Amino acid sequence: MTKSPGSNLIHPTGWLLSALCAATLLSACGGGSSGGTQDSAASGATATAATTLQMDVVALPADVAAQSALPSFHVAPALLNAPDDTDAGNGNASAHLGPHTDTVPGEFADLSSNRLTLQTLQARQALGAPSGSATPQASGGAVSTYTPAQIRAAYGLPALPAAGASLTAAQAAQLGAGQTIYIVDAMHDPNVAAELAAFNSKFG
């Protein structure tokens with residue numbers, strides 16, 4: 001292994017590179033004599049080299065091997081109102097407005113956002129606020145949501161074109177045409193597909 005000057009990075013390929021260079025040099029040397037170079041094929045001498053790499057695989061202890069990582073998703077502890085129609089006629093109408101805010105109701109104050117589902121929120125709403133005092137696990141008492149126009153304005157991205165406007169191929173590409181967005185749905189959030197469909201329908 002080699003260590004880069006002025007850093008703490010260790011390059012495991014350094015020794016491998018040195019070994020390969022040495023093997024290449026050895027194979028290129030061939031036979032020779034004090035009187036000058038000699039064709040190795042004519043003299044019957046052949047230069048060969050071999051490098052063997054071995055890595056020991058350490059078996060994990062049984063208790064460590066049995067562990068598993070469980071990814072999760074988080075959902076705000078609130079039943080959000082549907083987006084309004086501010087951007088219906090003009091996709092940039094909400095660009096410089098403040099975010100929409102929904103208050104976290106008291107009956108949801110003790111719910112963890114970890115793997116929270118719409119069904120859990122609806123069931124809790126039907127039961128009403130839990131008895132006794134509860135310590136809220138949410139970071140605040142409200143949930144803020146943003147429209148695509150607000151996010152584009154915040155990051156200085158080009159404004160969305162008017163509905164039905166014809167775009168050149170370059171303009172369409174700048175707005176994301178032809179790109180695929182992958183969303184990792186950890187732990188199978190049961191509502192993410194419906195929520196994305198509603199978002200696409202609302203904002204085009």
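Author: One definition before the rest: a residue counts as exposed when its relative accessible area is over 50%, and as buried when that area is under 20%. Also, this is a predicted model.

Reader: Fine. Start with P190, then: is P190 buried or exposed?

Author: P190 counts as exposed, because its relative accessibility is 52% and the cut-off is over 50%. P190 sits in the loop between α6 and α7.

Reader: What is P190 in contact with, sequence neighbours aside?

Author: Leaving out neighbours within four places in sequence, P190 contacts F73, T117 and Q119. Q119 is 71 residues away from P190 along the chain, and their C-alpha atoms are separated by 9.4 Å.

Reader: Back up a bit. How many helices and strands are in the protein?

Author: The protein has seven helices and six strands. Their order along the sequence is β-β-α-β-β-α-α-β-α-β-α-α-α.

Reader: And what share of the residues is buried?

Author: Of the 204 residues, 13% are buried. The accessible surface is about 15,200 Å², and carbon and sulfur atoms account for 58% of that. As for contacts between residues at least 6 apart in sequence, 69% of them join residues at least 24 apart.

Reader: Which residues form the largest nonpolar core?

Author: The largest nonpolar core has seven residues, namely A78, V104, F108, L111, L116, L121 and V143.

Reader: Pick V143. What does V143 touch?

Author: Neighbours within four places aside, V143 is in contact with A76, A78, L80, H100, T101, D102 and V104. A78 and V104 are also members of that core.

Reader: Switching to charges. How many salt bridges does a search of the whole structure find?

Author: The search finds two. One of the salt bridges joins D85 to K202, with the closest N and O atoms 2.5 Å apart. D85 is in the loop between α3 (62-65) and β5 (100-103) and K202 is in helix α7, so the pair ties together parts that are 117 residues apart in sequence.

Reader: You mentioned α7. How many residues does helix α7 have?

Author: Helix α7, residues 192-203, has twelve residues. From first C-alpha to last, α7 reaches 16 Å, close to the 16 Å expected at 1.5 Å a residue. Just after α7 comes G204, with a positive phi of about 70°.

Reader: Last topic, the surface. Which residues form a nonpolar patch there?

Author: Y146, I151, Y155 and L157 form a nonpolar patch, and together they have about 470 Å² of accessible area.

Reader: Where is L157?

Author: L157 is in the loop between α5 (148-154) and α6 (169-174). L157 is partly exposed, with a relative accessible area of 45%.

Note on methods
Residues are numbered from 1 along each chain as its sequence is written. This is a predicted model: local features need pLDDT of at least 70, side-chain atom pairs count only at pLDDT 80 or more; totals for chains, interfaces and linings use all residues. Side-chain values use heavy atoms; hydrogens and water are left out. Helices (H or I, at least four residues) and strands (E, at least two) are DSSP runs, numbered from the N terminus. Buried means under 20% relative accessible area, exposed over 50%, partly exposed in between (1.4 Å probe, protein chains only). Contact means heavy atoms within 4.5 Å. Accessible areas come from the Shrake-Rupley method with a 1.4 Å probe; for residues, only the protein chains shown count as cover. Patches are made of residues with over 30% relative accessible area and no salt bridge: like charges are joined within 9 Å, nonpolar side chains (Val, Leu, Ile, Met, Phe, Trp, Tyr) within 5 Å. A salt bridge is a side-chain nitrogen of Lys or Arg within 4 Å of a carboxyl oxygen of Asp or Glu. A nonpolar core is a set of buried Ala, Val, Leu, Ile, Met, Phe, Trp, Tyr and Cys residues joined through side-chain atoms within 4.5 Å. The expected span of a helix is 1.5 Å times one less than its number of residues.
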